[in-house]
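Take a look at the fold below, from its elements up to its domains.

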Amino acid sequence: MSDSGTVRLPLPAARTGAAPAQRRRVWRNSPLLRKACILLVLACVWQIYAVQLDKPLLFPTLTDTLQALWSSLASGALFTRIGFTLRTLLMGYAAGILLAGVVTALAVGSRLGNDLLETFTAMFNPLPAIALLPLSLLWFGLGNGSLIFVLVHSVLWPTALSTHAGFRAVSPTLRMVGRNYGLTGLRLVLRILVPAAFPSILTGLKNGWAFAWRTLIAAELVFGVSSGAGGLGWFIYENKNQLEIPSVFAGLLTVILIGLFVENLIFRTIERRTVRRWGMQA
Amino acid sequence: MNPPLLDVRGLTLRYETDAGLVTATSRVSFQVNRSDRYVLLGPSGCGKSTLLKAVGGYLAPAEGQILLKGAPIRKPGPDRMMVFQEFDQLLPWCTVTQNVTFALTASGRLKAAEAEERARHYIAKVGLARFADRFPHTLSGGMKQRVAIARGMAMEPDILLMDEPYAALDALTRRSMQDELLQLWEEIRFTVLFVTHSIPEAIKLGTRILLLTPHPGRVKAEHRSDGTDPAGPDGELLSERIHRELFSDAREEEAGHV
């Protein structure tokens, strides 16, 4: 061991070490990259397993699935299904939120309303909305009405619950500040209470959306045809009956992608622009 | 002599708790004149904060009257701006400037353009011009209280009501905030009703100090202050005298009960 050796050794080590260190930093700091890698690995595993299995009726390959997805998109068939599902969903979601607003207003406004909301949410929150579908079919027939009834149930209770909790958690100081400006009644609610409770309201909207999306796909699987059109759930069910298994997988993939899009892009963006910016994370 | 700006006459305040009806103050009377720095001083339980809330219009008197410029106070309003102790008194969804302009426009005092201009003016006065576009959660406690004070003053109320605004700050910040308040007062000569439980703070900030004793709150004495702590004819410092009046008598009373 010569002196010059000990001096020279760290230099090349540092030079070659710089690039991996940088790569490690990129790896550590970008969750998106890590997740993309996981997806890539999963896709490879899927493809290899399906090719080896060689039973396209049970487990189609990734390439077949993507091909089916592409051809359904290109023919426009999948788009009409998506459009149908989203339209129904938005109607039910909007009605559910509107009702949640009314119910919350009643609950905030009076003690009896408060007890009413607590009783109803206690009753209906543990009940999966889809369990109401048989009754709903009986009452509203084979049509959009039934789907919307079930959707409203899936949205109303979780949304009302967290909105109500949000209102109750608004600090007394903020209420007093609002009244100090001479705000009363509806103006106090809209200009102070709603923004102050917004983190909880947003959580409610997010939960409501998640429940509605899952409920609707499930409901459409049970029955989806009305006036000659069906939604995504029906697309999956129909293709299974026709043994178009790659299309079944393509339908499932679409459900996942739309769910991811709304939850991670739309709601995440709203969150970033509002509650995160305001430092109000609920 | 002019009639007082704020006239509190024989005020008894009660509020409901789970344990029953609590009498916060009993027959309290005092008068605040324009440009007074009037301090309500007393230990906890003397009803000073409740008194301030009643002047704010959040609590109706059980007995007696509160008159502002001769008219009884019935509800909260922008002619009496509150500055609270809590840091969450700023609207978290508004920037510093928006917090001030919101107060001005929501109360109908000013239109948006004028409100913006006035907000900038008062934010500069409390030394926060550089932070005008920041959101409250990015500010320190002292800065938040400065915004609340700027907001209160921008409304140019008849009287500024301050409820222990510096109690949650560290000692150094508290001291510089007190100095700033005095400086602002020298400039604008606003009227302020200030609640505190600190004798040095009362002497430093007040031109007049009302002593309240607890359970229920009663007026013990009223003193004038020039910001120093002068010795009386018998050599007793003002702070010592206030301390004696607030606490030694209470102790005698307690001893009497035993």
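This is a predicted model: local features need pLDDT of at least 70, side-chain atom pairs count only at pLDDT 80 or more; totals for chains, interfaces and linings use all residues.

Chain A has 13 helices and zero strands. Here helices are DSSP runs of H or I with at least four residues, strands are runs of E with at least two, and both are numbered from the N terminus.

Residues are numbered from 1 along each chain as its sequence is written, chains are lettered from A and ligands numbered from 1 in the order written, and side-chain values use heavy atoms, without hydrogens and water.

Now the overall shape. Chain A has a radius of gyration of 26 Å, whereas a compact globule of 282 residues would have one near 19 Å. That radius is taken over C-alpha atoms, and the globule rule is 2.2 Å times the number of residues to the power 0.38. Along the principal axes, the C-alpha atoms fill a box of roughly 85 × 60 × 30 Å.

The domains come next. Chain A is divided into domain 1 (3-53) and domain 2 (62-276), with bounds from an automatic or database domain assignment. Their centres, taken over C-alpha atoms, are separated by 41 Å.

Turn to the packing. Of the 282 residues in chain A, 40% are buried (under 20% relative accessible area, 1.4 Å probe, protein chains only). Among contacts (heavy atoms within 4.5 Å) between residues at least 6 apart in sequence, 67% join residues at least 24 apart.

Methods
Buried means under 20% relative accessible area, exposed over 50%, partly exposed in between (1.4 Å probe, protein chains only).
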